[in-house]
Amino acid sequence: MTSLEIIDKYCAGNEPLRALLLHHSRQVLYKAMQACDRHPELHIDRTLVEEGSLLHDIGIVMCDAPGIHCYGSYHYLYHGVAGARIMRELGREDIARICERHTGTGLPGLEPETLEEQIVCYADKFYSKSKPDHVRTVAEAAQSLEKFGHEGVLKFLSWAERFE
C-alpha cells in the first residue's frame, strides 16, 4: 500500500481528519526534504523520510482529540505508539519506528536513533495540527518542547544546528 492508500484506509469516513492529517504530513514532508536536500553528504534514505513524514501521525485515528477530528479511545500522547502498531501490522517496521519515536524529541526509551527518524521528528516540531497554518520558528519550536524538559530542547537545538 502507498502512504496515501494507508491514510485513506484509516481515515475512511472522516474527511476532516483525512484533510488535516494530509495537510500536516505534507508540511512535515516539505521541511524534512529541505533537510535532506541541504545535506547530501549524510546519505539519507529519502524514500523512508518521505513515507515516514506522511505516516508519522497515522496513529491519531485511534486517539481521542475532538478538536482535531479524532474520535478514538486512546489518549493523544499514545498516537505514536498506536501508529507504530498500525505500521507493524502492515509489515513496515521502519515506519513504525518513526511513528513511535517522533513524539517530543523521543519518549524515554524511544528516542530517534537513525538520521531518518531524527529528521522526521525534527521537521514535525515546526507544525501543530491544532494551528495548521502556523509555521513555528526554531525558537518557538524549542519553547514548545520546554514543558517536556530542557534535555529535549537541547536535543532539538542540536538537530537545528545539524539539519538547517
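I sorted the lining of the largest pocket by class and found six nonpolar, eight polar and six charged residues. My classes take Ala, Val, Leu, Ile, Met, Phe, Trp, Tyr, Cys and Pro as nonpolar, Asp, Glu, Lys and Arg as charged, and the others, Gly among them, as polar. I keep in mind that this is a predicted model, where local features need pLDDT of at least 70, side-chain atom pairs count only at pLDDT 80 or more, and totals for chains, interfaces and linings use all residues. Residues are numbered from 1 along each chain as its sequence is written, and side-chain values use heavy atoms, with hydrogens and water left out.

Which residues lie nearest the centre of the largest pocket? I noted Tyr76, Tyr127, Ser128, Lys129 and Arg136, out of 20 lining residues. The volume of this pocket came to about 500 Å³. For the record, a pocket is an open set of points on a 1 Å grid over the protein atoms alone, where a 1.4 Å probe fits, with protein on both sides within 12 Å along at least five of seven lines; lining residues have an atom within 4 Å of a point. A volume is the space filled by probe spheres set on the points, which are joined across faces, edges and corners.

Next I turned to the second largest pocket, with a volume of about 280 Å³. It is lined by 14 residues, and Thr105, Gly106, Leu107, Pro108 and Phe148 are the closest to its centre. Helix α8 (residues 150–163) gives the largest share of this lining, three residues. I counted the lining by class as five nonpolar, six polar and three charged.

Then I followed α8 to its partner, helix α7 (residues 138–145): the two pack at an angle of about 155°, with their axes 8 Å apart. That makes α7 roughly antiparallel to α8; angles over 145 degrees count as such, under 35 as roughly parallel, 65 to 115 as roughly perpendicular and the rest as oblique. My helices are DSSP runs (H or I, at least four residues), numbered from the N terminus. Axes are lines fitted to C-alpha atoms over the stretch in contact, and angles run from 0 to 180 degrees between N-to-C directions. Val138, Ala141, Ala142 and Leu145 of α7 meet Gly152, Val153, Phe156, Leu157 and Ala160 of α8, where contact means heavy atoms within 4.5 Å. By class, that contact has eight nonpolar, one polar and no charged residues.

How far apart are the axes of α5 (residues 93–101) and α6 (residues 115–124)? I noted 9 Å, at an angle of about 40°, and these helices are therefore oblique to each other. Arg97, Ile98 and Arg101 of α5 touch Glu117, Val120 and Cys121 of α6. This contact divides into three nonpolar, no polar and three charged residues.

Last, I checked α1 (residues 3–10) against α3 (residues 46–55), which pack at about 15° with axes 10 Å apart. That makes α1 roughly parallel to α3. Ser3, Ile6 and Ile7 in α1 meet Glu51, Leu54 and Leu55 in α3, a contact of four nonpolar, one polar and one charged residues.
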